[in-house]
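Here's a quick tour for anyone meeting this structure for the first time. Have a look at the sequence and the model, then read on.

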Amino acid sequence: MTRRPRLTVFGTGYLGTAHAACLASLGFEVLGVDVDAARARALQAGTLPFYEPGLEPLLRAGLRAGRLAFTTSYPAAAEFGDVHFICVGTPQRPGSGGADLTQFESCFAGLAPLLRRPCLVVGKSTVPPGTAAAYGQRLPGAAPAGTGAELAWNPEFLREGHAVADTLRPDRIIAGVWSVRAEATLREVYAEPLAAGVPFLVTDPLTAELVKVAANAFLATKISFINAMAEVCEVTGADVLGLADALGRDPRIGGAGLRPGLGFGGGCLPKDIRALAARAAELGAGQALSFLHEIDAINLRRRTRLVDLAREAADGRLDGRRVGVLGVAFKPGSDDIRDSPALEVAARIRALGARVAVFDPAAMDRAGQVHPDLDYRGSVLGAARDADVLLLLTEWPEFAAADPMVLAKTVARRAIVDARHALDAAAWRDCGWDYRAPGRPGHPPGTPGAAAGRPAIVPRHDLGPRDAEVACLAGAI
Ligand code: UGA
């Protein structure tokens with residue numbers, strides 16, 4: 001192959017669209033493929049069907065340059081591509097913990113019989129162990145190109161909200177290959193990040209697919225570990241923020257992924273740990289990963305705890321109360337509400353009889369489709385108006401910047417539950433708020449602990465000490 005390989009990307013969700021647009025920005029000709037015609041049309045028109053900072057300009061630049069296009073046609077894609085990336089979704093199978101590989105199977109079954117010349121099919125979707133081996137065996141028999149069509153596995157570690165940076169400059173590139181030819185092709189595709197020093201780890205496809213699910217299982221374990229410690233803090237009176245900061249400073253532990261709060265959600269971590277545990281059990285290694293059930297349980301308990309904290313802050317009952325909710329996305333920087341802890345808490349509180357007013361900078365349209373029973377407002381102030389209790393459930397930066405004095409004039413009662421530890425507790429308490437946060441000692445206003453509500457060790461990620469009185473005066477309207 002003397003010219004640069006032409007690339008196709010099957011599946012245009014967060015992963016596939018970011019991959020396609022980023023590779024086009026590196027100078028490749030890229031064809032994105034989706035079975036959803038409306039989605040392909042929107043992308044071809046330069047419109048991103050989801051929120052992802054920085055991705056739309058890259059999409060438009062690729063389209064303008066004529067290097068990026070979208071289609072629903074598998075024959076066109078097979079004809080076009082030398083390297084075919086499969087980025088389709090692998091959601092949780094309804095009624096079980098296992099992964100639903102229907103989309104992957106249908107993509108493979110549609111593409112393989114059309115592959116007439118040498119090419120590389122690269123799995124990027126997150127799949128349970130054993131998937132790469134099964135498809136690697138099937139490919140030469142299913143493709144007219146025979147052994148000229150080869151499978152590789154190249155998992156993706158991008159985080160929603162950081163998709164562009166994580167794709168262009170990942171921490172590492174994992175090349176799961178069975179041949180030198182496949183390795184050389186992936187080196188060519190990733191020549192730019194490799195030249196910039198991104199580590200390129202060559203392994204077999206079986207290990208590569210496991211790296212991805214093991215990484216997500218580890219991240220989930222870390223988050224649930226600190227949230228389990230938050231539970232211990234709640235019964236001992238210790239402060240989980242100070243604890244997390246002290247733990248994270250040990251380089252063997254590290255502070256990233258050690259933020260306590262409402263736990264993990266989204267389209268990846270929850271379903272990936274369940275799929276990994278389910279496949280391990282099928283393979284006879286269920287005991288090795290049985291701890292993942294506990295990781296899941298700890299995570300889900302956080303949501304219940306938050307509802308309890310909201311009830312306590314609302315004077316013991318939620319029925320008939322007005323509750324203001326800040327954030328329904330599963331994390332800031334995203335409009336994704338799949339398995340969102342924030343949205344689940346809001347919906348549970350609504351189901352308990354409260355009137356729930358919600359604001360989220362990006363996720364309200366999606367949330368409204370699933371939960372039309374919540375009252376969607378256009379701003380933080382709108383969600384806070386006349387609230388008996390305010391809940392910060394997703395840590396968007398604009399929520400951390402909200403002024404406690406301004407909000408105090410909007411709400412019915414100064415009660416806030418900060419599920420994500422995004423606020424300066426002392427500043428809010430000094431402005432008269434009953435501030436509560438999971439895993440942190442409570443110091444209702446007016447009690448001796450109120451002014452001393454800061455953790456003994458000020459966490460690095462905290463907003464830092466702030467002269468609350470000055471802030472209150474400056475923010476007063
Ligand atoms: C996650 C992984 O971080 C990516 O590496 C992986 O590629 C991706 O899944 C995937 O499998 O596609 P993502 O789901 O976008 O990425 O989000 P994260 O930033 O990892 O956050 C996941 C959840 O954990 C969020 O709900 C977040 O609020 C929560 N979280 C994260 C915490 O509660 N504490 C933390 O310290 C970190």
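Let's start with a term: a cavity here is a set of grid points where a 1.4 Å probe fits but cannot get out. By that rule, the count comes to three cavities of 30 Å³ or more. Keep in mind that this is a predicted model.

**Overall build**

- The protein chain has 20 helices and 14 strands.
- Its radius of gyration is 24 Å, close to the 23 Å that the globule rule gives for 477 residues, so the chain is as compact as a globular protein of that length.
- Taken along the principal axes, the C-alpha atoms of the protein chain fill a box of roughly 75 × 50 × 45 Å.

**Around the ligand**

- Which residues come nearest to the ligand? Out of 21 residues around it, they are Phe157, Leu158, Glu160, Asn216 and Arg259.
- Sorted by class, this shell has nine nonpolar, four polar and eight charged residues.
- Two helices, α10 (205-236) and α12 (269-282), each supply at least two residues of the shell around the ligand.
- It's α10 that gives the most to the shell, with four residues.

- Phenylalanine 157 has a backbone N or O atom 2.8 Å from an oxygen atom of the ligand.
- For glutamate 156, a backbone N or O atom lies 3.5 Å from an oxygen atom of the ligand.
- With asparagine 216 the side chain is involved: one of its N or O atoms is 2.8 Å from an oxygen atom of the ligand.
- How much of the ligand does the protein bury? Taken alone, the ligand exposes 710 Å², and the protein buries 90% of that.

**The largest cavity**

- About 140 Å³ of space lies in the largest cavity.
- Its lining is made up of 17 residues, and the ones nearest its centre are Glu156, Thr167, Pro170, Ile173 and Tyr190.
- The elements that give two or more residues to this lining are α1 (14-25) and α7 (163-168).
- By class, the lining of the largest cavity splits into ten nonpolar, three polar and four charged residues.

Conventions:
Residues are numbered from 1 along each chain as its sequence is written. This is a predicted model: local features need pLDDT of at least 70, side-chain atom pairs count only at pLDDT 80 or more; totals for chains, interfaces and linings use all residues. Side-chain values use heavy atoms; hydrogens and water are left out. A residue is near a molecule or strand if one of its heavy atoms lies within 4 Å of it. A polar contact is a pair of N or O atoms within 3.5 Å; within protein, one must be able to donate a hydrogen and the other to accept it, and residues adjacent in sequence count only if both atoms are side-chain atoms. Accessible areas come from the Shrake-Rupley method with a 1.4 Å probe; for residues, only the protein chains shown count as cover. Ala, Val, Leu, Ile, Met, Phe, Trp, Tyr, Cys and Pro count as nonpolar, Asp, Glu, Lys and Arg as charged, and the others, Gly among them, as polar. The radius of gyration is taken over C-alpha atoms; the globule rule is 2.2 Å times the number of residues to the power 0.38. On a 1 Å grid over the protein atoms alone, a cavity is a set of points where a 1.4 Å probe fits but cannot get out, and a pocket is an open set with protein on both sides within 12 Å along at least five of seven lines; lining residues have an atom within 4 Å of a point. Grid points are joined across faces, edges and corners, and a volume is the space filled by probe spheres set on the points.
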